Amino acid sequence: MIPLVLILATLGFRGLGVLGVRRFATWPGSAAYGMALMLLFTASAHFVPSTVTVMPNHADMVRMVPPFLPYAGALVYLTGVLELLGAVGLLRAAIRRPAGYALAALFVSLLPANIHAAVADVPFAGGAATPLWQRIPEQILYLAVALWIARTANTRTTTPVEESVYS
């Protein structure tokens, strides 16, 4: 479901670019907004009370944390905040590059939790656990898109002064 949010949002934003919305004139720019939207969905689960069962919640996320890591609840809140900060960073062209690289590092650091959740058969949102063969490619997709956004981000924050045609 979540990869579809990324893909469909990116396609939707790029479609707006084709229609003339300059903010979405490039694939990497559209992907940055698509990933930001996806991160809003994924980050929200970090803060949802365990009484909510129609979507992943904080308790689901805590169960994903490998047992060797202390303070699982705090780590879940921290990663949720980092996802939200990454989403905001992707929306700001001036900091899109560092935000993309930071998100790539975050996705790598979340890999052990995804592996643990699949191997330990941790249920998610009351349903069956997501299998490892699905989790790993999803993480690779998110990592690849974050790196692509970072590598293609325009580092220029100001427009160059045009040369005068009268000089």
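Select Arg14 and Trp27 to begin: the charged end of Arg14 sits over the ring of Trp27, 5.7 Å from its centre, where sitting over a ring requires CZ of Arg, or NZ of Lys, within 6 Å of the ring centre and within 35 degrees of the ring normal. The model on screen is predicted, so local features are given at pLDDT of at least 70 and side-chain atom pairs at 80 or more, while totals for chains, interfaces and linings use all residues. Residues are numbered from 1 along each chain as its sequence is written, and side-chain values use heavy atoms, without hydrogens or water.

Next, select Phe13 and Tyr33, an edge-to-face aromatic pair with 5.8 Å centre to centre and 65° between the planes; rings of Phe, Tyr and Trp (its six-membered ring) pair if their centres lie within 6.5 Å, and planes under 30 degrees apart count as stacked, over 60 as edge-to-face and the rest as tilted. Because Phe13 lies in helix α1 (residues 2-18) and Tyr33 in helix α2 (residues 27-44), the pair ties together parts that are 20 residues apart in sequence; helices here are DSSP runs of H or I with at least four residues, numbered from the N terminus.

Phe24 is buried at 8% relative accessible area and Tyr33 at 13%, where buried means under 20%, exposed over 50% and partly exposed in between (1.4 Å probe, protein chains only).

How values were computed: Helices (H or I, at least four residues) and strands (E, at least two) are DSSP runs, numbered from the N terminus.
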